[in-house]
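Good morning. Please have a look at it first.

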Amino acid sequence: MPLRPVLQFPDPRLKRASKPVAKITDEIRALAQDMLEVMYDEPGIGLAAPQVGESLRLIVMDTTWTEEGSERSPIVVVNPEIVEREGEITWTEGCLSVPDFQAEVERAARVRVRGLDLEGHAYEEEAEELRAVCFQHEIDHLDGILFIDRISRLKRSLYVQKRKKALRRESEEGQGTSAPSGRAL
Ligand code: NI
């Protein structure tokens, strides 16, 4: 089976708020598995279900793996919520759904996240730095928010112009988009 494609800006499905997962079924477990495969293949360090066209509150992350072959330590969080946030951090973010762009975003430096794992057990984690940024970025996806919604209007409009041009060029040349650079979330 081919991997699920990652939706890219300005796909309107990325702007929708996702529904909570009502029950953790085999379908949900299969979706999480598909998402992990897509994330490692792209490669990225986080992925949210709406990025593969499923309007559900489900994220996957692995903030420690590298392509050079370090061990994988994936997590899947169902219905994740940030219940505490503390401090401030500025991080240069990218996103598999926002091709060819990175920008600094201000986030909380530390967060506490609660949700469920795929067995339906409570999941709770305190995260900081990159991992805190990644949780906030992925949970934003569940609310239809992209990192470019958190940068200045000027920077965003410059990106939107650039993206429109690239899409026009692609449709003229009939080519796919280039892969994102860096560690995309
Ligand atoms: Ni993203």
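**The sheet and the metal site**

The sheet is open and has five strands, in the order β1-β2-β3-β6-β7, with antiparallel pairing. Strands here are DSSP runs of E of at least two residues, helices are runs of H or I of at least four, both numbered from the N terminus, and two strands pair if DSSP finds at least two bridges between them. β1 (46–48) and β7 (122–128) are at the edges with a single partner strand each, so one side of each has no neighbour in the sheet.

A word on the source: this is a predicted model, where local features need pLDDT of at least 70, side-chain atom pairs count only at pLDDT 80 or more, and totals for chains, interfaces and linings use all residues. Residues are numbered from 1 along each chain as its sequence is written, and side-chain values use heavy atoms, leaving out hydrogens and water.

Now the nickel ion. What coordinates the nickel ion? Cys95 (SG), His137 (NE2), His141 (NE2) and Leu185 (O) do, at 2.1 to 2.3 Å. Donors are N, O and S atoms within 2.8 Å of the metal (3.2 Å for Na, K and Ca); water is not among the atoms, so sites may look incomplete. Along the chain, the donors have the spacing C-x41-H-x3-H-x43-L. Cys95, in strand β4 (residues 89–95), and His141, in helix α2, are 46 residues apart, so this pair links distant parts of the chain.

Are Cys95 and His141 buried or exposed? Cys95 counts as buried at 1% relative accessibility, and His141 counts as buried at 2%. Buried means under 20% relative accessible area, exposed over 50%, and partly exposed in between (1.4 Å probe, protein chains only).
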